[in-house]
Amino acid sequence: MNHLYLAYGQKVKELLSESDAETWIEDLWDVYTGFTLFSQEAGYDPRGHNRFVSFKELVFFSREIMRGNEKNNS
C-alpha cells in the first residue's frame with residue numbers, strides 16, 4: 001500500500017509543479033462552474049452532489065498545500 005501512496009504523492013508533486021495551488025483553486029472552480037452550467041442545460045444529474053463534493057475536496061486539498069507552502073516560505 002505504501003507504493004500506492006508514493007505513486008499518488010509523485011503525481012501530486014508533478015501536478016503542483018506545473019502551477020501554484022492558488023491557480024489550481026481558480027481552475028478547479030472554473031471547471032466546476034462550466035460543468036454546473038452544462039448540467040443545468042442537460043437536465044437532472046443524480047451524481048451532481050458527489051461531483052460537487054469531489055471538487056470541494058480538491059479545493060480544500062489545494063488550500064492546504066498553499067498554506068503549507070506559505071509556512072515553509074516564512
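The model is predicted, with local features needing pLDDT of at least 70, side-chain atom pairs counting only at pLDDT 80 or more, and totals for chains, interfaces and linings using all residues. Residues are numbered from 1 along each chain as its sequence is written, and side-chain values use heavy atoms, with hydrogens and water left out.

I then looked up the partner of D45, and found a salt bridge with R51, the closest N and O atoms being 2.3 Å apart; the term requires a side-chain nitrogen of Lys or Arg within 4 Å of a carboxyl oxygen of Asp or Glu. R51 is itself partly exposed, at 25% relative accessibility.

The structure holds two salt bridges, and I noted that E14 and K11 form one, with closest N and O atoms 3.6 Å apart. They sit three residues apart in helix α1 (residues 2-18), and so about one helical turn separates them; helices here are DSSP runs of H or I, at least four residues, numbered from the N terminus.

Next I checked α2 (residues 21-42), whose 22 residues should span 32 Å at 1.5 Å a residue, and whose end C-alpha atoms, 31 Å apart, agree with that; the expected span is 1.5 Å times one less than the number of residues.

I listed A21, I25, L28, Y32 and S39 as buried in α2. They cover an arc of only 65° around the axis, and are therefore on the same side of α2, the arc being taken over directions from the helix axis to the C-beta atoms.

Definitions and conventions
Helices (H or I, at least four residues) and strands (E, at least two) are DSSP runs, numbered from the N terminus. Buried means under 20% relative accessible area, exposed over 50%, partly exposed in between (1.4 Å probe, protein chains only).
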